[in-house]
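Please look through the following structure slowly, one part at a time.

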Amino acid sequence: MEQTTFESQEDFIKNFKIKAPENFNYGYDVVDAWAEENPGKRAMCWTNDKGEHRDFTFAEMKEYSDRTASYFQSLGIGRGDMVMLILKRRFEFWYSIIALHKLGAVVIPATHLLTKKDIIYRANAADIKMIVCVGEEIIMKHVKDAMPESPSVETLVSVGPLIPDGFDDFHKGIDEAVPFERPEKVNVNGDTSIMYFTSGTSGEPKMVIHDYLYPLGHITTGSYWHNLNEDSLHLTIADTGWGKAVWGKLYGQWIAGATVFVYDHDKFTPADMLKMIQDYRVTSLCAPPTIFRFLIHENLEKYDLSSLKYCTIAGEALNPAVFEAFYKLTGIKLMEGFGQTETTLSICTFPWTEPKPGSMGKPNPQYDVELIRPDGTKAEDGEQGQIVIRVDKRPIGLFKEYYRDPERTFEAMHDGLYYTGDVAWRDEDGYYWFVGRADDVIKSSGYRIGPFEVESALMTHPAVVECAVTGVPDEIRGQVVKATILLSAEYRDKAGDELVKEIQNHVKQVTAPYKYPRIIEFVSELPKTISGKIRRAEIRSKDNAQ
C-alpha cells in the first residue's frame, strides 16, 4: 500500500491500492515481520471463563508458531496437506494456523459442535490428513468415532487437558520440537491456504477455498472498517471455527499492529462479556446483531465502558432499532459491514462515512460491486437487485472456487460476475440496504417483501428480542408473511392472541401495512447456524411439512 490514511469515500476509491508481494505468506511476512520490528509488542491478550490470563508478544507468537510448525513437520505435514483445527478459542489455534501457513499447508477451521457424521463428511470431502482438537471428552469422542470411516486421516492431536490413547500430545510435541527451518518452497500466491465448510442455511456445506493473498484482503477489515491502530485492543466475538474469526481475530488486526483480545468461554453471557470489556479496557468491538440485541437488554450503567471507542457489526443485517438503542446507551454508532465466507468485506460503513441505521454502507473499492435484476440488467437506485462482484480482474480476497465442485462454482461465478445470492437496494446517496437472501424474499399478492424490512419493524416493539420472518404457502396470496419471535423476559407470560394482535398492529404503523405478519409464532429459541445466523430455511421446511 502507498497511501494509508483517507479522508472520504472518494479519496479511498481513488487512492486505496493493495500491492501483493510475490509468494506472500502471512506467517513470515506479517507475524515474523512484527517479531523482528517490535518483538515486545503485545499481539494477544487471552483470558478465559476460569480466570486464567496470558499475554503474548509478537516475538512469542513467532516462537510458538515456529515450534508448532516444526512439530507438525515431524508428523509429516507439508505443503498442500489438509489439516482441520477444532480449537474453540484456545490460544493454540493461533500457534497452529500460523504454523500451517508457514508450512504451506491448508488450514480447515472447524467448530467444536461437529458430530461424528459431520467429521466423516469433512474428512472424506477434503482428504483431511490431520485433526488438531481441544482435549475435551465429547469433542474427542466424536473425532475418534469418525476415524473408522475417515481413511485419509493419519494423525490426531489433542491440546489437552485430556490426551487419550490414539491422540498425540500437542504441548509435549512443541516442547520437544527441533529448531524450525523454513522449507525451501512454501507457497506461491495462488496456492490454497485456508478452506471453510460454509455453515449454509440448507444442504451439505460448500467447501470455500482461499489463496495465500486472502489475508491482504482483510487490510480494509482491520485498518479501516474496525478502524484499528497499534494502540487498539480489539475484540471480535466469534468462535475460531467460524470464518469471522480470521476476519476479526487474526489477519487484518495484526497487519494493523493491533492487539487481539480473546475471551475463551463456553456459554455466552452478556454480563460476562461487558465485564471483560470493562476489566481489560477493550477499545474496539465487533459482533453479530444477535450479540448486540442481548447487550442492549442489560443494564449498561453497571459497567465502565469508557475504554470502548468503536463498534462494528456484521453477520446479519442490523435492525435500526438496535442501532438506535445502542447509540442511546453508549454514544457509539454501530458501523455495519457485509461480506461472506467467499469474500472479505464487500460493503461497509467506513470511519469517514456517516452511518444510516439499517444500511450496510457503501461498497469497498477493493471490489467492483453492482446490483443486478433477475434478467441480468443493472438495477437502478431504489430498485432491488442481487449483489454481484465483477471478477474480470480477480480481486484480492475473493475465494478461488468451491473445492471439487465445478458445478456450484460455475453457478456462483460466471459471465464475469460472482453472484452473492443476497438481494439489496441502493439509495440515491450510494448506500446499500439489505433485503434478504434471494430465496428468502416473500412474494405475496404480487408484492415482493424482504424479510429484513419486516424484522426491522418487529424489532421496534419492546416485546421482541429476536425474530425471523419467512413466507408460508397460501392458496389465495401465494405466500403470506410469518414471524417467528423470541420474546423479552417481561413479555413471555403475555404470549397469546392479544399480544399477536398488538404486534401486528404495531408493524402496520411502522411499515407498509401489506407487509405485516399474518401468522405469528412465539418460540423459546430460533434455529441458527454454527456462526449464529438464523436458519430461515429450517423454519420454512418445518412449516411446509405441517
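Thr198 sits in the loop that joins strand S8 (192-197) to strand S9 (207-211), where helices (H or I, at least four residues) and strands (E, at least two) are DSSP runs numbered from the N terminus. The model is predicted, so local features need pLDDT of at least 70 and side-chain atom pairs count only at pLDDT 80 or more, while totals for chains, interfaces and linings use all residues. Residues are numbered from 1 along each chain as its sequence is written, and side-chain values use heavy atoms, with hydrogens and water left out.

Is Thr198 buried or exposed? Its relative accessibility is 9%, and therefore Thr198 counts as buried; buried means under 20% relative accessible area, exposed over 50%, and partly exposed in between, with a 1.4 Å probe and protein chains only. Apart from neighbours within four places in sequence, Thr198 is in contact (heavy atoms within 4.5 Å) with Pro205, Lys206, Val208, Thr341 and Glu342.

Pro289, which belongs to helix H12 (residues 289-295), also counts as buried, because its relative accessibility is 1%. When neighbours within four places in sequence are set aside, the contacts of Pro289 are Ile313, Ala314, Glu316, Ala317 and Leu318. The C-alpha atom of Pro289 is separated by 32 Å from that of His414, a residue 125 residues apart from Pro289 along the chain.

Two packed helices are described by the angle between their axes and the distance between the axes. Helix H3 (residues 58-74) and helix H4 (residues 92-103) pack at an angle of about 65°, and their axes are 8 Å apart; the axes are lines fitted to C-alpha atoms, for helices over the stretch in contact, and angles run from 0 to 180 degrees between N-to-C directions. Among the residues that make this contact are Met61, Tyr64 and Phe72 of H3 and Trp94, Ile98 and Leu103 of H4.

Helix H16 (residues 497-510) has 14 residues and reaches 20 Å from its first C-alpha to its last, close to the 20 Å expected at 1.5 Å a residue, a span taken as 1.5 Å times one less than the number of residues. Which residues of H16 are buried? They are Leu499, Val500, Ile503, Gln504 and Val507, and these buried residues fall within an arc of 135° seen down the axis of H16, so they line one face of the helix; the arc is that of the directions from the helix axis to the C-beta atoms. On the other side of H16, Glu498, Lys501 and Gln509 are exposed. The cover over the buried residues of H16 includes helix H15 (451-458) and strands S25 (464-474), S26 (478-487) and S27 (519-523).
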